[in-house]
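Me: I've got a structure here and would like to talk through some of its ring pairs and sheets. Can you take a look at it with me?

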Amino acid sequence: MRPVDTGPPRSVRMLYAGFVALLAALLVAALVPAAQATTVPHRTPARVAVKAVWPGNTPNTTGGKDYYLDATLGRDTAAGTSPATAWRTLAKANATTFAPGDRILLKAGEQWQDQQLWPKGSGSTGRPITVSAYGDPNAGRPYIATNGKVSSPFRADGTKNPATVGLTGSIVLRNQQYWDINNVELSNDDDFATDITDGTYVRDGIMVSINADLLAAGADSVMDHFRISNVFVHNLDGPSHWQKIHYGAVDFQVFGSKSYKDYGTGGHHFKDVRIENNTFENVELHAVQFAFNWFAADGANAGQYDESGKWHEGWEQLWVRTRDLYSRDVYIGHNYAESIGQGAIQLANTKNMTVEYNEVNGFLKRYDAVSCGLYLWAGADSVMQYNEVYGGPNNEYDGTPWDLEYTNFNVTYQFNYSHDNAAGWMAYMGNSSNSIARYNLSVNDNGVLVKNMLSTNYSPTYVTNNTFVYDGADLDYVHDETFLSRVYFLNNIFYNTSTTTSTPWYRRTGALRQAVFSNNDYYEAGGAHSTQEPADPRGTRADPRFVGDPADYVTGAGVDRIREAAAHFALRDDSPLVDAGRYNPHLGAEDFLGTPLYYGDAPDIGIAESRIGPRVPDPVDDDPIEEETDNRVDLALGRPVTASSTHPGANGTLTADKLTDGSLTTRWAAADAAAYPITLDIDLGADTAFDEIYLDEYTDSGTNPRVQSFDLQRWNAATGAWVTFASRATGIGHDLTVTGFGTVTTSRLRVALTGKIATEQYTPTLTEIAVYRG
């Protein structure tokens, strides 16, 4: 089902600064049962009906000078300080160093072909330098058509050229700050009709960069205050393969030719940035790309261990956190992106970021690699909310609208609406802390609902009060890999519309081993439930009784009316899911519709809270889901462990005591040259009887299971020897429970790793050894 607009994509979305649209409230069409989405008219009038007051037609209030450009009647020999004495070319502006408060005003309706705008200078607090429009309010935005006439960021040998990276935009700013850019149209492709598939082309709309190599010692390396609004960027093209450099319609990047270790800490970032009310169409790679640092982040020397001994490849960018290189105080909102080559809104290395009310209509349209629709990578303390993403590809790897990415700390996805994305709903990579996905609506994201999980997390992830509506016959899986650390699924609706196929929950045995399900609703339209359905003693299997028909979901309303789509999946007052949920502080303070949490005896299941019963103003979690774990006593917990070999790396954190600390996020590793058998001896303190042993290997995106064979041995105090009571030659992997050896009583337990998998190069690394008495 492809959502449709009611007018030409470009014209219906043209927005102009200074124009306050007077809009009549449009009601969603009456919802009638039908096997298709309901589309409603968009809210912005067509371009021909717009009357705009260009900012350049109003007085300069920042105390600087105004400089005018007219591509037809201007003269570069003129003063440039009035419309009658306007300059002609952008080259004239590029040769000028502007002062705080100055404005560079381009005449509406004019075009600058084969030209790039790179004005010099920086503004100051309260006095930014502005690029904007002036002239006839009935004319279109001034248009810079750079047509690919930009410097290449590559040398002849294909390596990056530090002198020219960042100079690839129709508008360029480098090591400059306090700039406002609005009300311009940009393109940067010399052949709109032909898709570039190879070569080394890099072309941006607006390219804002920090080039660390060009900053003098002691210079300000934090670029402050940028406003990009009401800009229309279209037709940017580039090769359909990874060139190890990002480009897009609006692109903020930090560059440096040396290792990040060679630069200072606490700087080299952007601050106070707003990117809003822009339109992006037919651009590659991204509509918005923010602060992806390029400081030699690849190779073994760029990686590092964290405080728990977890290894991070350089590209995971943990160093952004440890060196405080985050950009910060960033707002990205109310942008429209259509037909984007790779990931539409790809964000990284930023904290205190709000990303809201953005609409993505098609991504990964041309790029032959993996990415997601809208996501933050290596970020912190940020929220993605009220965004709508649809039209994503059928991609084996990522391709989902959202992504709980590597090295995120305290990142929340809430109140988002995704639909008709063939790859699924949410990618989930790992190495993150306090990831939350709550009160999101997913309809026909018929791929993998929670896709991947390639590393353990620092703390549990919470997936709460989401509503998933999918076709079980088309859905690949709820989860395709194996949850490596704790994930809580709480108060979600899993609504399968298929009448022939029950929900396929996983493809790998033990996939849900670290997932805890509570108070979820599992509805199967066909009546038959999958044998893979997770255990959920407090869950239900009832029809949610949505307000609207799930087959007739709302599209085309636009993100400013995103709650209309959500309200379609609110619960009727007679729904069995009212008051059937469970409170947890990770639910937040309100639902998708803005209703405070919660009313009645308990929160509702799904994205919308009913105002039934008295409001609970200060809810308390008196029944924590976190305490619903294995209540058996681990007889090895906290006991001393002696290893015959320990890896010296990771700052000394890969020690054997991690095997009995009760955490799957820590680990022991043997030294690279360790000789087999590698022994792990647990001192139980006294004779202890047990009949079950749990073993778990560590894996991540670059680490596979390594153990092929092992023996379990008890210490015989009478003979002073180790006695084997169980052996396996089929590996360990994840969550191996060994039983069948009867009851063993001993004061010391040995796990002897006797051989590695033939295809593996490195020695074993394990997360846990637990001992139980049944």
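Me: Let's start with Tyr462: buried or exposed?
Reply: Keep in mind that this is a predicted model. Tyr462 has a relative accessibility of 4%. Buried means under 20%, so Tyr462 counts as buried.

Me: And what is the relative accessible area of Tyr488?
Reply: Tyr488 falls in the buried class too, under the 20% cut-off. Its relative accessible area is 4%.

Me: Which class does the ring pair of Tyr462 and Tyr488 fall into?
Reply: The ring centres of Tyr462 and Tyr488 are 5.1 Å apart, and the planes meet at 25°. Planes under 30 degrees apart are what the class asks for, so this pair is stacked.

Me: How many residues apart in sequence are the parts that Tyr462 and Tyr488 tie together?
Reply: Tyr462 belongs to strand S34 (residues 461-464). Tyr488 sits in strand S37 (residues 487-490), so the pair ties together parts separated in sequence by 26 residues.

Me: How many aromatic pairs turn up in the whole structure, and what are the centre distance and plane angle for Tyr357 and Tyr386?
Reply: Searching the whole structure gives 35 aromatic pairs. Tyr357 and Tyr386 are stacked, because their centres are 5.0 Å apart and their planes are at 10°.

Me: Where do Tyr357 and Tyr386 lie in the chain?
Reply: Both are buried, and their pair links distant parts of the chain, 29 residues apart. Tyr357 is in the loop between strand S22 (350-356) and strand S23 (359-361), and Tyr386 is in the loop between strand S25 (380-385) and strand S26 (388-390).

Me: Over which ring does the charged end of Arg321 sit?
Reply: The charged end of Arg321 is 3.7 Å from the centre of the ring in question. That ring belongs to Phe409.

Me: On to the sheets: which strands stand at the edges of the five-stranded one?
Reply: The sheet is open, with antiparallel pairing, and its order is S42-S44-S49-S46-S47. Two of these strands have a single partner each, so one side of each is left without a neighbour in the sheet. They are S42 (641-643) and S47 (721-728).

Me: What is the bridge partner of Ala643 in S44?
Reply: S42 and S44 (residues 678-690) run antiparallel and are joined by three bridges. In S44, Ala643 has as its bridge partner Leu680.

Conventions. Residues numbered from 1 in each chain as written. Predicted model: local features only at pLDDT ≥ 70, side-chain atom pairs only at ≥ 80, totals over all residues. Heavy atoms only, no water. Pairing = 2+ DSSP bridges. Helix = DSSP H or I, 4+ residues; strand = E, 2+ residues; numbered from the N terminus. Phe/Tyr/Trp six-rings, centres within 6.5 Å; stacked < 30°, edge-to-face > 60°. Buried < 20%, exposed > 50% of the residue type's maximum accessible area, 1.4 Å probe, protein only. Lys NZ or Arg CZ within 6 Å of the ring centre and 35° of its normal.
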